[in-house]
Each structure stands twice: as structure tokens, then as C-alpha cells.
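Student: I would like to go through this structure term by term. Please set each value against its definition.

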Amino acid sequence: MAALNPALAAAADRLDAAFVAARQIPRLTEADPDFDVACAYEVLAELHARRIARGWQPVGRKIGFTNTTIWARYGVDRPMWSHVWDRTVTHAVDDRAELALEGLMEPRIEPEIVFGIAGPLPPGDDPLDILRAVAWIAPGFEIVHSAFPGWKFGAADCAAAYGLHGRLAVGTRVPVTDANRATLAAALPTFEVTLSRGHTLIEQGVGGNVLGSPARALAYLRDVLATQPWAPPLAAGEIVTTGTITDAQPVRAGETWHATFDTLPLRMIAILFAT
């Protein structure tokens with residue numbers, strides 16, 4: 001990977017320090033109006049290399065802002081992606097996970113569909129075809145956080161900032177098989193998520209919010225990765241979380257949240273934020 005120009009190297013240094021110290025910084029686009037998404041992915045590649053050098057191991061990817069219904073709310077106009085890591089992913093036990101919020105900046109919770117990749121994705125965006133490259137499906141919660149105060153940023157800011165990824169809790173896996181693949185493909189655009197905090201219903205959303213189907217988010221990721229030589233294509237064994245089905249909701253230590261997934265054959269997932 002070529003060395004960054006001085007302006008992008010300085011942006012990488014600022015973001016790196018922000019995440020290490022869990023201290024928010026001004027938007028990168030505020031300091032440099034020419035900082036665009038292409039610049040952001042150059043910075044992300046540098047930050048990725050730094051984490052690798054520190055011993056972090058990537059175990060998959062997150063796709064963010066696939067929910068087009070919330071673009072205007074956050075001032076973005078496209079999805080983005082970043083890696084998820086061995087030390088940011090937790091697997092629920094008996095449909096329940098416990099996570100600490102330490103080190104996260106203004107954390108929020110997102111109910112998502114998580115896929116386990118079985119092999120290379122085929123061309124096209126037909127969900128049934130895409131699911132032939134999927135080994136399993138699971139419910140998930142991504143905990144996102146913002147290095148920029150008040151969740152105010154542009155698409156380039158959050159793309160550079162690890163796609164806002166903080167933590168990922170993966171629920172009980174359901175294998176994708178010849179017997180259930182067509183049923184899953186048909187249900188993914190129409191199922192409803194119910195997101196609750198304790199006994200209080202907070203929000204509901206539909207699978208079609210995510211680029212028409214969470215399976216299509218995989219096709220988006222495949223195509224973006226093909227344009228980025230520094231990023232390897234999706235490979236068997238990777239975990240991919242496909243983006244929030246509702247808006248991202250603020251969370252605090254001591255709270256318990258859970259999500260149900262309606263007509264999808266997925267179990268409820270619950271998460272407790274440790275005090």
C-alpha cells in the first residue's frame with residue numbers, strides 16, 4: 001500500500017489517537033472540505049494496517065448505512081464497510097450476550113442480520129443466488145459509536161472511522177440449506193424486527209430497509225471490495241453483519257435490550273450492558 005499524503009496521514013493519526021483514548025474529535029470533513037469517501041478508504045486502510053500491527057485479527061466485515069430510510073437523518077448518501085475483529089465480536093450463549101461499553105463513544109445499538117460466508121459470492125444481486133454462498137444466518141446486535149461529537153458527520157467521516165463499528169454480538173446460528181434457502185430469500189425483505197429496552201418497545205423495522213434485502217447488502221459489499229485492491233474479497237469463514245434494520249438507539253450501562261425477528265426462523269437475541 002502506498003504511503004498516505006501528509007493530509008491523509010494526519011487524518012489517520014487524529015482518528016487513531018481518538019480511538020485509542022476513546023476521545024472524540026472534530027469531523028475530518030470540517031478540517032478539510034476536500035476529504036471525500038475515496039480519501040476515507042485510504043485512511044481506513046492505514047488504520048486497518050495499524051491494528052494488524054498491534055495484534056488485532058479481522059474475522060469479518062460490517063456494512064453500515066445500508067438502511068436508506070435513515071440517510072437524511074445522518075447526512076449520508078451511501079453505505080460503507082469496515083472490518084470486525086476478534087476482540088470486538090461476541091457470540092451469545094443461550095440467546096444472551098453481555099458486553100461492556102468501556103472505550104466506546106456515544107454508543108448506540110443496531111439490530112442486524114448476520115451471515116456466515118461459505119465461499120465466493122456469485123455475480124448479480126438475486127437474494128436466492130447470494131444465499132448459495134452463505135453457510136448460516138443469525139440475529140445480531142452491532143454496537144456502533146462515533147468519534148465525532150453528537151453523531152454529526154459526513155459519509156467520509158464515518159467511512160474512515162472504522163465504519164462506526166464498536167462491538168458485534170452474534171446470536172444463535174441457523175444453517176442455510178437447500179431445504180430453507182428459498183424460504184429465507186423470500187422472508188428477508190418482509191420480516192419485521194421489534195427492538196425493545198427492558199419491557200419497553202423502542203422501534204420496529206422491516207428487512208427491506210436494508211437495500212431491499214439484507215442479502216443484497218452482501219452484493220453491495222462484494223462490488224465495493226472489487227474496487228479496493230487493499231481489501232481482500234469475502235472468503236469462507238467470514239462473519240458479515242449487514243446493517244441496521246431500525247435507527248441506531250443510544251444505550252447505557254445496566255440496560256438490557258432484545259430483538260425479535262418475526263417471520264424469519266431466528267431466535268430472539270438479548271444483550272446486557274455491564275455496569
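**Helix, core and rings**

Student: What makes helix 8 largely enclosed by the rest of the structure?

Tutor: Of its 12 residues, 10 are buried, so helix 8 is largely enclosed. Buried means under 20% relative accessible area, exposed over 50%, partly exposed in between (1.4 Å probe, protein chains only). Among the buried ones are Pro214, Tyr220 and Arg222. A caution: this is a predicted model, where local features need pLDDT of at least 70 and side-chain atom pairs 80 or more, while totals for chains, interfaces and linings use all residues. Numbering starts from 1 along each chain as its sequence is written, and side-chain values use heavy atoms, without hydrogens or water.

Student: Why is the pair of phenylalanine 65 and phenylalanine 153 called edge-to-face?

Tutor: Rings of Phe, Tyr and Trp (its six-membered ring) pair if their centres lie within 6.5 Å; planes under 30 degrees apart are stacked, over 60 edge-to-face, the rest tilted. Here the centres are 6.2 Å apart and the planes at 65 degrees, so the pair is edge-to-face. The two residues are 88 apart in the chain.

Student: Why is tryptophan 85 called buried?

Tutor: Its relative accessible area is 1%, so tryptophan 85 is buried. Tryptophan 56, at 17%, is buried as well.

Note on methods
Helix = DSSP H or I, 4+ residues; strand = E, 2+ residues; numbered from the N terminus.
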